[in-house]
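Please keep the structure in view while reading.

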Amino acid sequence: MPFLALALLITACGSEKKPETENNMETTPETEAVPQAEEKEVPNEYWTEKFADIRMHRYYVTGWDRLNLDQKKLLYYLSEAAKSGRDILYDQNYRHNLLVRKTLENILNNYTGSREGADWENFVVYCKRVFVSNGIHHHYSTIKLKPDFSEEYFAELLAGSYEGENTSELANQLSGIIFDPNVDAKRVNKAEGVDMVAESANNFYQNLTQAEVEEYYKQVIDPNNSTPVEYGHNSQLVKEGDRIIEKKWMIGGMYNDAIEQVVYWLRKAITVAENETQQKALELLVKFYETGDLKDWDAYNIQWVTDTESAIDVINGFIEVYGDPLGYRATFESVVSVKDFEASERMAVVAESAQWFEDNSTIMDEHKKAEVKGVSYKVIEAVMEGGDCTPTTPIGINLPNSNWIRAQHGSKSVSLGNITLAYDKASGGGLLGEFANDEEEIARVKEHGELSGKLHTALHEVIGHASGQLNEGVGTPKETLKNYSSTLEEGRADLVALYYLMDEKLIEMGLMPSLEVGKAEYDSYIRNGMMVQLRRLEPGEVIEEDHMRNRQLVAGWAFEKGQAENVIERITRDGKTYFEIHDYVKLREIFGDLLREIQRIKSEGDYEAGKALVEGYGVQVDQDLHKEVLERSESLNIPAYGAFINPDIIAETDENGEITDVKITYPDDFLEQHLKYGREYAFLPVEN
């Protein structure tokens, strides 16, 4: 059978879900807080299984039964919209991802041979890893996943899954894609000196070099525009002959079939919106998908920021740019949520005091906002996540990303309370017991770690990302700081949180009982940034993920600057390395100094200084220490990453098709859920 025909057959394996059959950031660091007595060996209600470097979790929506029918309908419609964009992310991540995923799904659904033995088990684990990563590159390191089965076995699986068909051409096509580590080796390659466009396997650019992309945007962007759109946000940039064109992700453009489904469900959601403000925001989001006009995207974000009263909220669209090494193109994501009113009320003081935090920051006066506008904060319970927010999920979000919208109209920050709870309930104490310096440090984290982590997330999102301003005439960070922009922004937000976690003001606000909470977070941050997070790397690797770079940069810079006064001591005991903070007050000053410098770099667009910080402190790894961390971690049998199974949101209808109730259930089979998604939300062909 010709390869193209077989590819079309694979596409057809997932039955399209037609509208008439009506039936998506702060990542999680090493989760060691609130330890239990022992690392659990059997799953509980919060985690279901372990495989490779992943532990699968579930999250729960505690307030579901208090919602009225229209609210449940709204959550159902928004959840369907979230899942309808699933194929978009796969294709954005890598041009062959949909072919690979649909091939794997077809084998899992239809293979007629033996489903026993090590080869089959390894194949199933590989499938799960692909589903967790939304493609064949690791979700965090972006390095291509390595299958633990042979090409010959894979050819057997193909032959046993397509009855009566010749699968040899498909096997040959997929051979290099899946098995050759040198073919499209990294989804995002930010290594110094490489062509970050040509050497990244993502599907954001075609036939272009980094230099060509940068020159293109020099011609397109008006540096004097004080309200710029998010250039490149919703398109693939392609060179055809001598012309460079943008293929817009919109109705009538690239990803049309999936976006039509997203819009269909958003239109349904509009009919049961909680209020006019929310209704208008959803209407503007639909308009953006229809026009592809980035001014419509800005209009939507401005309207969305004003909706602070609704119990239900949604993030939906092309949001974060971590997948593009140049920071222009955004991946599809969605988070559908309901407000945790009690927790939000407790934390409202953070947003209400945003101006105080800005005025008392260590950043230069000329970089402070004279008036912090529209900052809101709430704790939410995730109800459904889609695209780049699932199966791995953020624990905190601050949007929109446009600097001028944040300055003029404000921002919304959320903490995903039920996600954090799931991590806490599933975590054991193994990492803390192994890497903490002494019993005092362990006791402090046991008593205060949960609160310190939540406060760090809140301050990072609400105050950190909302603080500071650019100098007049300075371009956006993705223009000026380029591939270092995201790392520096995450570092800046972390430093805001760290600086204030040792401030008596938080005690006055009633947010924490004592500075012991801040000390617990300082201990955890230095321990994680200097050591624990290294277990996520393979031997010999450098750090390329922005959040990991940021944490090592902050911890490593602070360690170095405090050496003369022994602020942080590196200790070797019984052949093991530990870090002990001797002077928390001085460490706070050091964090404040680095915050001032990173804000200066951002405000002035100082690329060379930003590059020096990231390359000097955030990228290279102490290989001896890394080897030690891997050895100490191995015996703990604690996966380095957590991922989540979504709830199922099920609409019940009467004989006329009208929804009479919406139920929520909590499945425990990750593989089964993703095969279901493959059947019901496969809207795009294998080539787009």
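1. Does Glu152 count as buried or exposed? In this predicted model, Glu152 counts as exposed because its relative accessibility is 56%, and the cut-off for that class is over 50%. Glu152 is placed in helix α6.

2. Glu152 belongs to a surface patch of negative charge, together with Asp119, Glu151, Glu156 and Asp180. Helix α6, which spans residues 151-159, contributes the most to this patch, with three residues.

3. One of the pairs is Arg329 with Glu246, whose closest N and O atoms are 3.6 Å apart. Arg329 sits in the loop between β6 (312-318) and β7 (332-339) and Glu246 in strand β5 (residues 243-248), so this pair ties together parts that are 83 residues apart in sequence. Arg329 is buried, at 0% relative accessible area, whereas Glu246 is partly exposed, at 30%.

4. Glu290 and Arg267 form a salt bridge with an N to O distance of 2.3 Å. Because Glu290 lies in helix α10 (residues 276-291) and Arg267 in helix α9 (residues 256-270), the pair ties together parts 23 residues apart in sequence. Glu290 is partly exposed, with 34% relative accessibility, and Arg267 is partly exposed, with 42%.

5. A further salt bridge joins Lys586 and Glu565, with the closest N and O atoms 3.6 Å apart. Lys586 is partly exposed, at 23% relative accessible area, while Glu565 counts as exposed, at 53%.

6. Finally, salt bridges link Glu440, Arg444, Glu516, Lys519 and Asp523 in a network.

Note on methods:
Residues are numbered from 1 along each chain as its sequence is written. This is a predicted model: local features need pLDDT of at least 70, side-chain atom pairs count only at pLDDT 80 or more; totals for chains, interfaces and linings use all residues. Side-chain values use heavy atoms; hydrogens and water are left out. Patches are made of residues with over 30% relative accessible area and no salt bridge: like charges are joined within 9 Å, nonpolar side chains (Val, Leu, Ile, Met, Phe, Trp, Tyr) within 5 Å. Accessible areas come from the Shrake-Rupley method with a 1.4 Å probe; for residues, only the protein chains shown count as cover. A salt bridge is a side-chain nitrogen of Lys or Arg within 4 Å of a carboxyl oxygen of Asp or Glu. Lys and Arg count as positive and Asp and Glu as negative; His and the chain ends are not counted. The place of a charge is taken as NZ of Lys, CZ of Arg, CG of Asp or CD of Glu. Helices (H or I, at least four residues) and strands (E, at least two) are DSSP runs, numbered from the N terminus. Buried means under 20% relative accessible area, exposed over 50%, partly exposed in between (1.4 Å probe, protein chains only).
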